[in-house]
Amino acid sequence: MEKVTLSVQGMSCGHCVKAIEGSVGQLNGVQHVEVNLNEAKVIVEFDSSQVSLDSIKETIDDQGYDVV
């Protein structure tokens, strides 16, 4: 299991949290997703044999947010 903290710009409200947690959480291999609005961070625990970090970043990007 890997755990990464991503800096994500563009999140501002509860809808943003639900959009990211919902979409990333549905990816195969993702164990846990936690969004911290105050720090503009997304913490993801995932199995790298099932899902790549690039796929996670792309999923966040597809929701309209920028991973920096």
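Colleague: Is Cys 16 buried or exposed?

Modeller: Cys 16 is buried, with a relative accessible area of 5%, where buried means under 20% relative accessible area, exposed means over 50%, and partly exposed is in between (1.4 Å probe, protein chains only). Bear in mind that this is a predicted model, in which local features need pLDDT of at least 70 and side-chain atom pairs count only at pLDDT 80 or more, while totals for chains, interfaces and linings use all residues. Residues are numbered from 1 along each chain as its sequence is written, and side-chain values use heavy atoms, with hydrogens and water left out.

Colleague: How many disulfides does a search of the whole structure find?

Modeller: The search finds zero disulfides, a disulfide being counted as a pair of cysteine sulfur atoms within 2.5 Å. Cys 13 is in no disulfide, and the nearest cysteine sulfur to its own, that of Cys 16, is 3.6 Å away. Cys 16 is likewise in no disulfide, with the sulfur of Cys 13 as its nearest at 3.6 Å.

Colleague: And what about the accessibility of Cys 13?

Modeller: Cys 13 counts as partly exposed, at 31% relative accessibility.

Colleague: Changing topic, which residues have the most contacts inside the largest nonpolar core?

Modeller: Those are Ile 20, Val 42, Ile 56 and Ile 60, in a core of 19 residues; a nonpolar core here is a set of buried Ala, Val, Leu, Ile, Met, Phe, Trp, Tyr and Cys residues joined through side-chain atoms within 4.5 Å. The elements giving two or more residues to this core are strands S1 (2-9), S2 (30-36) and S3 (41-46), together with helices H1 (14-25) and H2 (53-62). Helices (H or I, at least four residues) and strands (E, at least two) are DSSP runs, numbered from the N terminus.

Colleague: Which element gives the most to it?

Modeller: H1 does, with five residues.

Colleague: What is Ile 56 in contact with?

Modeller: Leaving aside neighbours within four places in sequence, Ile 56 is in contact (heavy atoms within 4.5 Å) with Leu 6, Val 24, Leu 27, Val 30, Val 44, Phe 46 and Val 51.

Colleague: Back to H1, which of its residues are buried?

Modeller: In H1, the buried residues are Cys 16, Val 17, Ala 19, Ile 20, Ser 23 and Val 24. They lie on the same side of H1, because they cover an arc of only 165° around the axis, the arc being that of the directions from the helix axis to the C-beta atoms. The face turned away from that buried side carries the exposed residues His 15 and Lys 18, whereas what covers the buried residues of H1 includes S1, S2, S3 and H2.

Colleague: Ser 23 is in that list, so what does its side chain meet?

Modeller: A polar atom of the Ser 23 side chain lies 3.3 Å from the backbone oxygen of Ile 20. Ser 23 has a relative accessible area of 14% and, with neighbours within four places in sequence left aside, is in contact with Thr 59 and Gln 63.

Colleague: Where does Thr 59 lie, and is it buried or exposed?

Modeller: Thr 59 lies in helix H2 and is buried, with a relative accessible area of 14%. Not counting residues up to four places away in sequence, Thr 59 touches Ser 23, Val 24 and Leu 27.

Colleague: Last one, what is phi of Ala 40 near?

Modeller: Phi of Ala 40 is near 55°, a positive value in a residue other than glycine. Ala 40 has its place in the loop between S2 and S3 and counts as partly exposed, at 29% relative accessibility.

Note on methods
A polar contact is a pair of N or O atoms within 3.5 Å; within protein, one must be able to donate a hydrogen and the other to accept it, and residues adjacent in sequence count only if both atoms are side-chain atoms.
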